[in-house]
Amino acid sequence: MSNFWGYVGLPVTFATVWAVAAAIVSSFTSAIAMIGLHQVKEIDPRAVVAHFSAVAFLCCIVSLFAFPTQHEWTLSVRTIALLLAIGVCATVGQIFLTLA
């Protein structure tokens with residue numbers, strides 16, 4: 001296994017192995033999501049997007065309390081605008097992904 005890591009030029013560290021494992025898990029879960037979207041293709045795409053958004057929101061709220069941070073919460077106007085922009089872009093992307 002260390003020959004493979006050396007071959008691609010990555011040092012064998014915990015962070016490298018964690019990043020590769022996260023990428024593999026992400027690819028599998030994306031495939032499962034695509035299979036699920038194929039199964040619900042008769043449902044209105046807006047309903048699918050609303051469901052995915054609600055599930056993601058709940059996961060974020062649970063993570064917020066499950067993994068406490070030591071950083072202070074400061075919400076400036078710029079931060080709120082960036083979060084809203086990310087939400088709009090994610091919603092548009094999810095709609096196009098559902099339509100595909």
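## Overall make-up

The protein chain contains four helices and zero strands. Read from the N terminus, its elements follow the order α-α-α-α. Of the 100 residues in the protein chain, 8% are buried.

## How α3 and α4 cross

Two packed helices are described by the angle between their axes and the distance between the axes. Helix α3 covers residues 45-66, and helix α4 covers residues 77-99. Their axes come within 9 Å and cross at roughly 130°. Because of that angle, α3 is oblique to α4. The crossing of the two helices is right-handed.

## Residues where α3 meets α4

Which residues of α3 and α4 meet? On the α3 side they are Pro-45, Val-48, Val-49 and Phe-52. On the α4 side they are Thr-91, Gln-94, Ile-95, Thr-98 and Leu-99. By type, the residues of this contact divide into six nonpolar and three polar, with no charged residue among them.

## Gln-94

Gln-94 belongs to helix α4 and is one of the residues that meet α3. Is Gln-94 buried or exposed? Its relative accessibility is 18%, and buried means under 20%, so Gln-94 counts as buried.

Leaving aside residues up to four places away in sequence, Gln-94 touches Leu-37, Val-49 and Phe-52. Val-49 and Phe-52 are in α3, and both are listed in the contact of that helix with α4.

## The salt bridge

Side chains of opposite charge can pair when their charged atoms come close. How many salt bridges does the structure hold? It holds one. The partners are Asp-44 and Arg-46, whose side chains meet at 3.0 Å, N to O.

The accessibility of each partner can be stated separately. Asp-44 has 35% relative accessibility and therefore counts as partly exposed. Arg-46 has a relative accessible area of 61%, so Arg-46 is exposed. The cut-off for exposed is over 50%, with partly exposed lying between that and the limit for buried.

## Summary

In this predicted model, the chain has four helices and zero strands. Helices α3 and α4 cross at roughly 130°, and Gln-94 of α4 is buried. The salt bridge joins Asp-44 and Arg-46.

How values were computed. Residues numbered from 1 in each chain as written. Predicted model: local features only at pLDDT ≥ 70, side-chain atom pairs only at ≥ 80, totals over all residues. Heavy atoms only, no water. Buried < 20%, exposed > 50% of the residue type's maximum accessible area, 1.4 Å probe, protein only. Contact = heavy atoms within 4.5 Å. Axes fitted to C-alpha atoms, helices over the stretch in contact; angles between N-to-C directions. Parallel < 35°, antiparallel > 145°, perpendicular 65-115°, else oblique. Left-handed = near helix turned anticlockwise from the far one by under 90°. Nonpolar A, V, L, I, M, F, W, Y, C, P; charged D, E, K, R; others polar. Salt bridge = Lys/Arg side-chain N within 4 Å of Asp/Glu carboxyl O.
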